[in-house]
Amino acid sequence: MKSFTCVVTDEMGLHARPAGLIAKKTAQYQSKVTLKCGGKEAACNRLIAIMKMAVKKGESVTFEIEGPDEDSVCADLKQFCEENL
């Protein structure tokens, strides 16, 4: 299992647009990707689950990746988060 943490910098937190981007991005992977923040967690391929976490600006989120392509997924998601969150 691979994991990494990033800080949400979007003024509105993980609202519909960034949550939708995460769900769309992670749906293309074979590995299971889970988002964790403040004791809550959600499957990253589920838009509503991500939005229900109500992650605010400045909060740290952890992505956990488990599966056959976890190395490439981890690197790809890190770059994606730097550019979009």
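At what angle do helix H1 and helix H3 pack, and how far apart are their axes? The close-ups below start with that pair. Everything here comes from a predicted model, in which local features need pLDDT of at least 70, side-chain atom pairs count only at pLDDT 80 or more, and totals for chains, interfaces and linings use all residues. Residues are numbered from 1 along each chain as its sequence is written, and side-chain values use heavy atoms, with hydrogens and water left out.

**View 1. Helix H1 packs against helix H3.** H1 (residues 16-27) and H3 (residues 70-84) pack at about 160 degrees, and their axes are 12 Å apart. Axes here are lines fitted to C-alpha atoms, for helices over the stretch in contact, with angles running from 0 to 180 degrees between N-to-C directions. Helices (H or I, at least four residues) and strands (E, at least two) are DSSP runs, numbered from the N terminus. H1 passes H3 in a right-handed crossing, the near helix being turned clockwise from the far one by less than a right angle. On the H1 side, Arg17, Leu21, Ile22, Lys25 and Thr26 meet Asp76, Leu77, Phe80 and Asn84 of H3, where contact means heavy atoms within 4.5 Å. The residues of this contact divide into 4 nonpolar, 2 polar and 3 charged.

**View 2. Phe4 and Phe63 form a stacked aromatic pair.** A search of the whole structure finds 1 aromatic pair; rings of Phe, Tyr and Trp (its six-membered ring) pair if their centres lie within 6.5 Å, and planes under 30 degrees apart count as stacked, over 60 as edge-to-face and the rest as tilted. For Phe4 and Phe63 the values are 5.1 Å centre to centre and 15 degrees between the planes. The pair links distant parts of the chain, with Phe4 in strand E1 (residues 2-7) and Phe63 in strand E4 (residues 60-66), 59 residues apart. Phe4 is buried at a relative accessible area of 8%, and Phe63 is buried at 1% (buried means under 20%, exposed over 50%, partly exposed in between, with a 1.4 Å probe and protein chains only).

**View 3. Leu14 sits in the loop between E1 and H1.** Leu14 is buried, with a relative accessible area of 4%. Leaving aside residues up to four places away in sequence, Leu14 touches Val8, Ala19, Ile22, Leu35, Ile50, Met51, Val55 and Leu85. Its C-alpha atom is separated by 11 Å from that of Cys37, 23 residues apart along the chain.

**View 4. Ala54 has a positive phi although it is not a glycine.** Most residues other than glycine have a negative phi, so do take a look at this one: the phi of Ala54 is about 55 degrees. Ala54 lies in the loop between helix H2 (47-52) and E4, and is partly exposed, with a relative accessible area of 39%. Ala54 and Gly13 are 41 residues apart in sequence and 7.6 Å apart in space, C-alpha to C-alpha.

Conventions
Nonpolar A, V, L, I, M, F, W, Y, C, P; charged D, E, K, R; others polar.
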